[in-house]
Amino acid sequence: MAKRNTAFLVRKAVRKKRKFSDVLLDVIINTLLVIAAIAAIYPLWNVLISSVSNTNAISNGEVILWPVGFNLSAYEKMFAEKQIWVGFRNSVIYTTAACIMDFVVTLPCAYALSRRSLPGRKGFMYYFTLTMYFSGGTIPLFLLISKLGWVDTPLALIIPSCTCVFELVIVRNFFEHNISEALFDAARIDGMGFFKFFVKIALPLSKAILAVFFLYRIQAHWNAYLGARMYLYSPNLKTLQQVIQAISAKLDTSLMEDMTSAEIVYAVQQKQLLKYAVVIVSALPLAIIYPFMQRYFVQGVMVGAVKE
Amino acid sequence: MKKKKVANDFSASSLKILRKEIWRHREVYLMMIPALVATFIFRYIPIYGISMAFQNVKLGDKFGQSEWVGLYHFTRFFKGAWCGRVIKNTLIISVLSILTFPLPLMLALLLFNTNSVPLKKIAQTATYLPYLLSLVLVVSIINVFCAGDYGFINIILHRLGMSKINFFGTPTLVYPLYIISGIWSSCGYNAVVYLGALASVDNDQIEAAMIDGAGKLKRIWYIQLPTILPTVMTLLVLNVGNMFAVGADKMILLQTDLNLSCSEIISTYVYKTGVEGAQYGFSTAVNLFQSVISVVMLLSINKLSKKLTGIQVI
């Protein structure tokens, strides 16, 4: 009560004689924030409006704030590209399978490591966290996967990535701080074992961290590129990221000074337009779920920042 | 009941208690087995595979058991034409990245100190959004923006009567492309960490300062910044310590045949010689060189920071 009063008085007093420098600072802060927000959004906005504009308008530099000569030909062209659909299908399958794998391997282990009474807990923790600092590097893992015969099979993308130590630590921290020991003792008196407690009580109480876990893993698997490039060669196995990369890298690396034929110019313009559409369509799924999931993303960063 | 009995049984040796505790936790150990096995196979066996850096690896050989060649791969790397160039490029990229280190901090301070709630929400959402895009998409956007004749930037330059820039044909331009796209895609994400730290700023202190007539700038400088200094230092140590460990993923996407002299860094070189060139031993050696330097650097920066500021990360 007393505290609220002082706060009120302070605010009143301060409001009365707000310094000119403070007002100026507020203006500067808000201006900079507006600039930052626009700088972050504009590249995406520009791609979006270009993807639905007329190619000649784009080349003349008329497409800056709004679409000019609205049309959807880029999207029609894109939907006709079969490879994009194959990549999309593959990415959905791989991401789903890999997330299930991550869940099955990581979550029980995170719970196990959160039990304070577990003998040898510290040693196991070192066993996992050590791999964050020391790794064998690219080639030994690559050769190991080759020896297992997983090259050019989806297994190479689905199985090895289940050793996600960072997420393991985040989830363990959450279990440790949020699932009380008393709750477990109560369940134990009712005859509940460790595993049953994990499935029936700990998991349902941890929806927030599960959301964080799945968002992180979905993002990691959906966006992964280098691994796919290393292990997958067959066209019908390639991921969406590989397909996008192949489309976006085509025909744009050098200035085509020797281009005279109108046909080539047209082809290049069409390719460019297709790239705009591809970027938009592949950014779309994440952009749609993002507003609903934003608080979980932020929460994940916070939980991760808790130092042991 | 059982637990009480164990605890009261003073005559039992501690070993016996330990054995009982382990047996009581048998289910917990079972739950750890998949992760233990997976980590052993996919993390520890590759560490054993580092021995390939000292071997002449051929495809038919058993894993990590090829003919020993000593330091042959290392001397070949150090004498090779690419050695100096890839080290230089890696260092340029990382030094430039560290120079951008204050930007997320500034963004967080702006977001924390704005007096407009809707603006804060919009700006935070907008700056975080690019982080969701994959590196392939980020580079695709760079590609369409900076394309030779029909990229947005060149169209605008042309319209303003300036000459076009050949972004992918001019080797040195790969540095700004890498750094600026890095700021764009991760500044908002990194700011969230500082925002979390700023949440613990003491409100009583702020009020006391306001009564004493401290303006906003002074409150930022004398209260908010000291509060988040440990977080800032931790991240700085990690960033500087990891300087040598620039990843291959983004650079390999930005590379063209024309900018290779500036865009080949250690990790992309490892990828190319190893995965594409099949020089397994050589590539592992270069990778080992990079990891060793990184670990040494991280540890020494950590020690330095402990000495100077009392903050240590590891």
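A polar contact is a pair of N or O atoms within 3.5 Å; within protein, one atom must be able to donate a hydrogen and the other to accept it, and residues adjacent in sequence count only if both atoms are side-chain atoms. The model is predicted: local features need pLDDT of at least 70, side-chain atom pairs count only at pLDDT 80 or more, and totals for chains, interfaces and linings use all residues. Residues are numbered from 1 along each chain as its sequence is written, chains are lettered from A and ligands numbered from 1 in the order written, and side-chain values use heavy atoms, without hydrogens and water.

**Exercise 1.** Find how much area chain B and chain A bury between them.

*Solution.* Take buried area as the accessible area (1.4 Å probe) that two parts lose on being put together, summed over both. The two chains bury about 9,300 Å². Carbon and sulfur atoms carry 72% of it. On the chain B side, B:Met31, B:Phe42 and B:Tyr150 lose the most area to chain A, together 9% of what that side buries.

**Exercise 2.** Count the polar contacts and salt bridges across the interface of chain B and chain A.

*Solution.* The polar-contact rule finds 21 residue pairs, both residues at pLDDT 80 or more. Next, apply the salt-bridge rule (a side-chain nitrogen of Lys or Arg within 4 Å of a carboxyl oxygen of Asp or Glu). This rule finds two. A:Asp26 forms a salt bridge with B:Lys216; their closest N and O atoms are 2.6 Å apart.

**Exercise 3.** Classify B:Ser186 as buried, partly exposed or exposed.

*Solution.* The cut-offs are under 20% relative accessible area for buried, over 50% for exposed, and partly exposed in between (1.4 Å probe, protein chains only). B:Ser186 has 22%, so B:Ser186 is partly exposed.
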